[in-house]
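Please look over the sequence and the structure shown below before reading on. The report begins with one pair of side chains and then widens to the whole chain.

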Amino acid sequence: MTTERALVIGGGGVAGISWATGVVAGLADAGVDVTGADLLLGTSAGSNVAAQLGSGLPIAELVRRQVDPEVQSREIVPSMDKIAGLWEVFTAILEETQGDPEARQRRVGALALSAETVAEADRLAVIETRLPVHEWPERDLRVTTVNAETGESRVLDRNSGISLVNAVAASSAVPMVWPCVTLDGARYTDGGVRTSVNADLAAGYARVLVIAPMPDENLETQVAGLVAGGARVEVIVPDEASVAAFGANPLDTATRVPSLEAGRAQAKADAARVAALWKD
């Protein structure tokens, strides 16, 4: 396997899926096609985008699946009451578990396991509508998740014995909002419980493009580690217009079209530096 180019996509809800898709489309508009990456690595929303890119559908069709009501995924939209205060809860847990990532992940996992959510089957049905293909592609696609009981991180790929739908559902099981997903008899929660991007898992690749819809306080350290290992890295994070497009609830389907448009516009401004990284 070549270890040349890695495309890493982080979490960000429904808005993040559309925004990252828009970023990829905007780069392509400017002549920089990143869909042929040797590694597609996704976390949470990013696992959905990585799987969609891995399907082999043209970028134009992936864009249409975000903006055309006839082919958009059938989402369950949580109320603001459901997501209000989540960031504060996670921040408090982070402060209480400094220096012990697995303790933090167990704490969040316990909350995820105890939360009242929709049924696991209902959530899996949503992921089925998001993914144009339900089989793992014959390329290196990896998605991250966290064991909600043990706090251990797990990276899933086509050799894991887990279906693609279940893997993506587990990776994007936002704690206290969506149900944990059962894999091999254990319960798994969102890969973003480790970090929202998990860019360090692309170690060993020479060129790494990180698309990060949400802030990640670990990202700077992770990028520094990749660079120290010899990688060239570029990072795209939302600009002011993109943040505005996400709105107060990034899990709201109303964010899809404005987020995609904002990501597409932003990517055109970022295309030159990505081209310098990506092209031979």
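## A pair of side chains

The side chains of D190 and S44 make a polar contact at 2.7 Å, where a polar contact is a pair of N or O atoms within 3.5 Å, of which, within protein, one must be able to donate a hydrogen and the other to accept it, and residues adjacent in sequence count only if both atoms are side-chain atoms. This is a predicted model, in which local features need pLDDT of at least 70 and side-chain atom pairs count only at pLDDT 80 or more, while totals for chains, interfaces and linings use all residues. Residues are numbered from 1 along each chain as its sequence is written, and side-chain values use heavy atoms, with hydrogens and water left out.

## The annotated positions

UniProt, in an unreviewed entry, lists S44 and D190 under "active site". They span 147 residues in sequence, yet no two of their C-alpha atoms are more than 6.0 Å apart, so they gather at one spot. Such annotations may be inferred rather than shown by experiment, and the positions are given in the numbering used here, with feature names shortened.

S44 is found in the loop between β2 (39–43) and α2 (45–54), whereas D190 belongs to strand β6, residues 186–190; helices (H or I, at least four residues) and strands (E, at least two) are DSSP runs, numbered from the N terminus. S44 is buried at 8% relative accessibility, and D190 is buried at 4%, where buried means under 20% relative accessible area, exposed over 50% and partly exposed in between, with a 1.4 Å probe and protein chains only. Leaving aside neighbours within four places in sequence, S44 is in contact (heavy atoms within 4.5 Å) with G11, S171, S172 and D190.

## A residue in helix α8

V168 lies in helix α8, which covers residues 164–171, and its relative accessible area is 0%, so this residue counts as buried. Beyond its neighbours within four places in sequence, V168 is in contact with S47, N48, A51, I127 and L131. Although V168 and I127 are 41 residues apart in sequence, their C-alpha atoms are 7.3 Å apart in space.

## The whole chain

The protein chain has eleven helices and eight strands, and its C-alpha trace spans about 50 × 45 × 35 Å along the principal axes. Of its 280 residues, 54% are buried. Among contacts between residues at least 6 apart in sequence, 76% join residues at least 24 apart.
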